[in-house]
Amino acid sequence: MASQENKDDSPQETVDIPPPIPSVTEPQKQIASQALQEFEKKNYGACCNLTHKLFVERSMDPKVVHNKAVAEFYQSGFLTTDEFRQSLDKVCQMANISMDNSDSLEDVDHSVLYFNQAVIFYHLRQYKAATKVLDKLFQFIEPIEENLAKKAIMLLVELYLCTFQPEKAMGMLSYAEKNVFNTGKSGGDKEGKDKDDNMADDPTKTKLSLYKTRCLLMMKSMKSSKREIKALITAHPMNLSVLYLKSNFEYMRSNHRKAMKMMGIAPSSSTLFTEAGECLPVMYHNNMGCIHFYLRKHHLGAFYFRKAIQENENALRDITRGAEHNKNLSGKPLHSIGMSRHYELLYNMGIQMLHCGKPVAAFDCLVEAVQVFRTNPRLWLRLAECCIMTNRENNDDDRKLEKRLEVIQGSDGSGIHRKLRLGPGLRTDRVSPGTPAIPASTYEFAALCLRNALMLLPEETQKSDVTNSDDQDTIKPNPESLLVPAPPGNPMKSIEVANLRCSVLAAAAYVGICLNDFTMALQHAENLLKQPRLSGAQRYLGHLYMAEALVALDKIADGIQHLNPELVTDINTLPPEPKSDQDKNEKNEKTEKDKGDKDQETEVKGSFYPWSPRDLTRAKAIMQYNLATAHAIRGEYDKAMANLVESSNYMGTPLPAQMYFLKLYLDLIEGRRKLAQIVIKDHFGHVTPNRENKMTYKSGTPRPDTSVP
C-alpha cells in the first residue's frame with residue numbers, strides 16, 4: 001500500500017502536445033489566394049503584407065509561417081539567408097519534422113520544406129547534405145505537385161553532377177523523361193528532325209538535353225555526347241551553355257584550338273552570374289587557362305588563371321559592396337554565397353606555375369589549396385614536386401658551368417710549390433633544420449606530402465569503372481568500380497590511381513635518397529618496380545634509385561645488378577596503353593575524329609615538362625656512369641675506368657661535374673698523375689697557368705657521388 005502511494009505521488013513525465021490548428025475560414029482562404037497571386041506577379045511587398053495578416057490570425061500554422069518566411073526572403077532580394085534558415089528550422093519544429101533523423105518524408109505537405117532546405121544546402125555548396133534531403137523527397141515524387149516535382153528532379157540531377165555521380169544523374173533524367181516531363185521520343189525517320197524542332201520550341205527539352213550532355217561528357221562517352229551536342233547546336237546555335245558544352249567536348253577530344261575558337265564566339269552576356277551563381281568572366285578565363293595548359297603555353301595559361309583569380313575577387317567585392325548596408329550575417333544574395341572559386345583557381349594556378357618552372361610560387365598556391373582539398377592525393381604529390389624542384393630544378397643542373405667549376409675549388413702557393421684543391425663533391429647536407437609539419441619547400445615536407453598521398457591511395461585497384469555501350473545509348477556502372485576522391489576534379493578511376501601510385505613511389509624513393517634515408521628509399525624503389533603500370537621512365541628511375549640505395553647500404557653487388565645498361569630499353573614518360581576493350585574503342589575513336597578539319601589541333605603526347613635524359617643513348621650512358629661509380633667504390637678501378645670512358649662518349653656535352661670528379665679520382669688513386677693534369681688543363685685551365693704545377697689529392701676528399709646527373 002505504501003509503495004502504491006509513493007508511485008502515485010511521484011512526478012509524471014509530461015509530453016507537450018501542440019494545440020490543434022483551427023480550421024481555415026473563407027476570408028483567410030481569400031487572403032491566402034491573393035497572397036499567392038501577388039507572389040506570382042513578383043509583388044513581394046504586397047505578398048508580405050497579406051501573409052502578415054494571416055500570421056496574426058494563424059501564428060501556430062506551419063504553412064503560414066513558412067509562406068511568410070519565403071515572401072520576406074524574396075522581398076529582401078535573397079539577402080536574409082540566415083534569418084530564412086532560422087525560420088525553416090522553426091517551421092520544422094512546429095511540424096515535428098527532423099530532417100537529420102528521419103529516413104523518409106512522412107507527409108506530402110512537408111515536401112516544400114524539404115525542397116527549400118535542399119536549395120539552401122546547394123547554394124552553400126553542401127552538396128551531400130542537399131542530396132540526402134532530396135533523396136528522401138524523391139520517395140514521394142509521384143503524389144507531389146507537378147511543378148515542385150520537376151524542380152526537385154532538376155536539382156537532384158544537378159547535385160548528382162556536382163558530386164561526380166553521372167550514372168545516377170542519367171538514371172534520374174531517364175525517369176524524368178518517362179514519368180514527369182512526358183517527353184516521349186517520336187518513332188520512325190522523323191525522330192531526329194522532330195527532336196531538333198521540339199528542342200528549339202520547348203525549353204524543358206533543351207534543359208534535359210543539356211543535363212544529358214553534361215552526364216555523357218563526365219562519363220567520357222564521346223559518341224553519344226557528339227549526337228546530343230549536334231542537336232543542341234542546331235536548335236540553339238548561339239546559346240551560351242551550348243557553346244560552353246561544345247568547347248568542353250572539343251577540349252576533352254584534345255581539339256584544343258577548336259575549343260578555344262568556341263570560347264571566342266560565345267556571346268558576351270549582359271548578366272555577370274548564372275542562375276547557379278557562377279561568374280561568367282571567371283569561367284571564361286579559367287577555361288582559357290586550361291586550354292593553353294594543354295597547348296604547352298604555360299606562361300600564357302598562367303596569365304589567364306591570374307585573370308580568373310582577379311575576376312573572382314572583383315565579383316566578390318562587388319557583391320559585398322552591394323549588400324554592405326544589410327545587417328544579416330551573410331551580406332550576400334543566396335545564389336552568390338558559394339560562388340567563390342578561389343581555391344579551385346589557386347589549384348589550377350599552382351599546377352600551371354609548376355610547369356612554368358616556378359616551384360616557389362606554385363608551392364604558395366598549392367599550400368593554400370590543400371587546406372580545402374586535403375583528400376586529393378594528386379595535390380599532395382604536386383606539393384612534393386614543388387619541394388623537389390625548388391632544391392633541384394631539373395636533371396641537367398649538374399651540367400651547368402657553376403657546378404663544373406666546383407670540381408677545382410682553388411689553389412695554394414705559387415711556382416713549383418703551387419697546389420690545387422679539389423672540391424668536396426656535389427652532395428651536400430640536404431637535411432633542413434626545423435620540423436616537417438611546418439609547410440616549407442624542403443625535402444622533409446616533401447616526404448610528409450608523399451606519405452599523405454600514399455595513405456590516401458587504396459591498396460589495390462580494380463578493373464574498368466564504367467562499361468559504355470554507345471550503340472544502345474546505355475551506361476552501365478561496374479559494381480566493382482573504384483573511385484578515389486580528388487577534389488576539385490573528377491574522382492580518379494582505377495587506371496588513374498595505378499598511374500598516380502607509380503609517380504608517388506618514384507618521388508618518394510628520390511626524396512628518401514636525398515634525406516639519406518636509404519632504407520625507406522629502397523622500400524619505395526622495390527615497391528615501384530612491382531607496379532603493373534610502370535612507364536619506361538619510371539622503371540628506369542626505379543632501377544637507378546634502388547641501385548643507389550643498395551650501394552649506400554653497402555650492398556654493392558646487389559646494386560650492380562640493377563645498373564646493367566642492357567636493362568634500359570624504354571624511357572617513355574607515358575604509361576602503357578590500356579588493354580580493355582572499352583579503352584581500345586576510345587583510342588580508335590580519337591584517331592578517327594574530324595580528319596577533314598584544317599583547324600583541328602594535332603594531339604600532342606608526352607610529358608608537359610621537359611624530362612632528361614631525352615634519348616635512350618644518353619639514358620644508357622647515365623646508367624653506365626653509375627655502374628662505374630659502383631665499381632670504383634668496390635675497388636674495381638679497371639672496370640670503373642672502362643665504363644666511365646664508354647659513358648663519356650655518349651653522355652653529350654657539356655659533361656656533368658660528377659664525371660670529372662670520378663675521372664680525377666680514378667687517375668689519382670691509380671697514380672696516373674699526368675693524365676689527371678691533362679684533364680685539369682683541358683677543362684679547368686683558368687686555375688692551371690702551366691703544366692708543371694703540382695696537384696695534391698687530399699685524403700679528406702669524399703668518395704665519388706652516385707647520384708644521377
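Is helix 29 mostly covered or mostly uncovered? Helix 29 is mostly covered, with eleven of its 13 residues buried; buried means under 20% relative accessible area, with a 1.4 Å probe and protein chains only.

This is a predicted model, in which local features need pLDDT of at least 70 and side-chain atom pairs count only at pLDDT 80 or more, while totals for chains, interfaces and linings use all residues. Residues are numbered from 1 along each chain as its sequence is written, and side-chain values use heavy atoms, leaving out hydrogens and water.

1. Helix 29 spans residues 657-669 and reaches 19 Å from its first C-alpha to its last, close to the expected 18 Å. The expectation is 1.5 Å times one less than the number of residues. Helices here are DSSP runs of H or I with at least four residues, and strands are runs of E with at least two, numbered from the N terminus. Just after helix 29, Gly671 has a positive phi of about 80°.

2. Among the buried residues of helix 29 are Met659, Phe661, Leu664 and Asp667. Their cover includes strand 2 (419-422), helix 20 (401-404), helix 28 (637-651) and helix 30 (673-683), along with helix 27 (616-634).

3. Helix 27 packs on helix 29 at an angle of about 35°, with the axes 11 Å apart. Axes are lines fitted to C-alpha atoms over the stretch in contact, and angles run from 0 to 180 degrees between N-to-C directions. On the helix 27 side, the contact (heavy atoms within 4.5 Å) is made by Tyr625, Ala628, Thr629 and Ala632; helix 29 contributes Gln658, Met659, Leu662, Tyr665 and Leu666.

4. Leu666 is also one of the residues with the most contacts inside the largest nonpolar core, which has 113 residues; Leu383, Val407, Leu450 and Tyr540 are the others listed. Such a core is a set of buried Ala, Val, Leu, Ile, Met, Phe, Trp, Tyr and Cys residues joined through side-chain atoms within 4.5 Å. Helix 22 (residues 494-514) supplies the largest share, 13 residues. A second, separate core of 51 residues includes Leu88, Tyr122, Ala130 and Leu148.

5. Leaving aside neighbours within four places in sequence, Tyr540 touches Val568, Ile571, Trp611, Pro613, Ala619, Ile622 and Met623.

6. There are zero disulfides, taken as cysteine sulfur pairs within 2.5 Å. Cys47 is buried at 4% relative accessible area, and Cys502 is buried at 0%.

Conventions: Buried means under 20% relative accessible area, exposed over 50%, partly exposed in between (1.4 Å probe, protein chains only).
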